[in-house]
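My entries follow the order in which I looked things up.

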Amino acid sequence: MRSYTLKNKNIEVTFIERGGQIISIKVPDVKGNIDDVVVGYDSMDEILAGDGYFGALCGRYANRIVEGKFEIDGEKFQLDCNNETNHLHGGNDGFNSRIWAVAPLTSDKFVQAYQLSLTSEDGDQKYPGKLDVSVIYGITEDNQFVIEYEAETTKSTVINLTSHAYFNLGGAGKASAENHKLQLNASNYTPISAELGTVSGEIAPVAGTPFDFTSPKEVKVACDTDHEQINMINGIDHNFVIDGSDGSVKLVGVLADPKSGRKMEVYTDQPGIQIYTGAHFDGSETGKNGAPIEACAGIAMETQIFPDSPNHDHYPNAILKPGEKYKHVCIYKFC
Ligand code: BGC
């Protein structure tokens, strides 16, 4: 398994060709101590045998599509359901499990960059159209880790690509991320339905709910509330609706660890961001630093279109047509 490292004078990002999986991001704290801030494993054997979504590129449709069904121009499609009754992260053989072609890229924008490419054939996981995907991982002078996605299709299809790293700014495997403070420029979120196992189709205000992160708040404070949306999945596994999303890249959220002083800003042009506190981690797996991976070991901040968008006309468009270009920028900036 080939691995690649991007670095500037402060931070270092390492990924592998399988799934473009980010296996470490090393960042100094305020005193200059370096820690690896993404949840994962200590050895390559464990990485290859472990959770294949950790730090990975997810697609063709990241997140859930109810019962794997959608329609384009009256034509019905049925994807495999790999998550109870739903389709999740592109199916059983999603982009996270593919070997991507990786090549160094020279660009004025980046201190160092790589381009990852993948062709998903027509009918791959039962999606229509041959999809050519390019993802650039770049690192800038001012500590931005930039992910730029592009894709083109030969037939109308649905698409939603994302990156699935769980961040723990105190150092993965050192302590829980539950005391991290999260702030999101999101006045609304998409509540989930227990019956559907994902979004109900609603867009609801966060005001007066644990999902109000419009000012910085400890993640634990939200997860400890007795709110039905929190109880349903033992934490946060929700899509937030970015305020004023207009296709330009803007600051959408900030994650901060008061203890180490590390802070990460998230910028995107996408209309949504899935925040996932890792409720399904139960300590049965050993991760970095030899520590069990427990719920809230890290927090995923996945920029994206909304879950199940293809089935909700009032959600953002997730259909890509031939001749169009899917574009998505996600920036994790370490401050
Ligand atoms: C989803 C979770 C899911 C996890 C799998 C996240 O993006 O929001 O519901 O369990 O991916 O790794």
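Which residue in β26 is the bridge partner of His238? I looked it up, and His238 has Ile275 as its bridge partner in β26. Before going on, I note that this is a predicted model, in which local features need pLDDT of at least 70, side-chain atom pairs count only at pLDDT 80 or more, and totals for chains, interfaces and linings use all residues. Residues are numbered from 1 along each chain as its sequence is written, and side-chain values use heavy atoms, with hydrogens and water left out.

**Entry: the sheet around that pair**

I found that β23 (residues 237–241) and β26 (residues 272–276) are antiparallel, with five bridges between them. My terms here: strands (E, at least two residues) and helices (H or I, at least four) are DSSP runs numbered from the N terminus, and two strands pair if DSSP finds at least two bridges between them. Both strands belong to an open antiparallel sheet of six, in the order β16-β29-β26-β23-β18-β21. I checked the edges: β16 (166–167) and β21 (204–205) each have a single partner strand, so one side of each has no neighbour in the sheet.

**Entry: a second sheet**

I then followed an open sheet of nine strands, also antiparallel, in the order β10-β11-β12-β13-β31-β25-β24-β17-β22. Its edges are β10 and β22 (217–218), each with a single partner strand, so one side of each is left without a neighbour there. Inside it, four bridges link β17 (residues 181–184) to β24 (residues 250–256), and I saw Gln183 opposite Val254 of β24.

**Entry: the start of the chain**

I looked at β1 (residues 3–7), which runs antiparallel to β2 and is joined to it by five bridges. Lys7 has Glu12 as its bridge partner in β2, and four residues lie between the two strands of this hairpin. On to β3 (residues 22–28): four bridges pair it with β2, again antiparallel, and Thr14 faces Ser24 of β3. The β2–β3 hairpin has five residues between its strands, and Gly19 in the turn has a positive phi of about 65 degrees.

Is β2 enclosed or open? It is largely enclosed by the rest of the structure, because four of the five residues of β2 (residues 12–16) are buried. Buried means under 20% relative accessible area, exposed over 50%, and partly exposed in between (1.4 Å probe, protein chains only).

**Entry: the cores**

I looked for nonpolar cores, meaning sets of buried Ala, Val, Leu, Ile, Met, Phe, Trp, Tyr and Cys residues joined through side-chain atoms within 4.5 Å. The largest has 60 residues, and those with the most contacts inside it are Ile25, Tyr137, Phe145, Phe240, Met301 and Phe334. Strand β12 (residues 131–139) gives the largest share of this core, five residues. Apart from it I found another core of 12 residues, including Ile16 and Tyr276.

I also listed contacts (heavy atoms within 4.5 Å) for Ile25, leaving aside neighbours within four places in sequence; among them are Glu12, Asp35, Phe145 and Phe334.

**Entry: Asp51**

My last stop was Asp51, in the loop between α1 (44–49) and β5 (57–58). Asp51 counts as buried because its relative accessibility is 13%. Not counting residues up to four places away in sequence, Asp51 touches Gln21, Tyr41, His280, Phe281 and Glu285. Finally, I noted 35 Å between the C-alpha atoms of Asp51 and Gly208, which are 157 residues apart along the chain.
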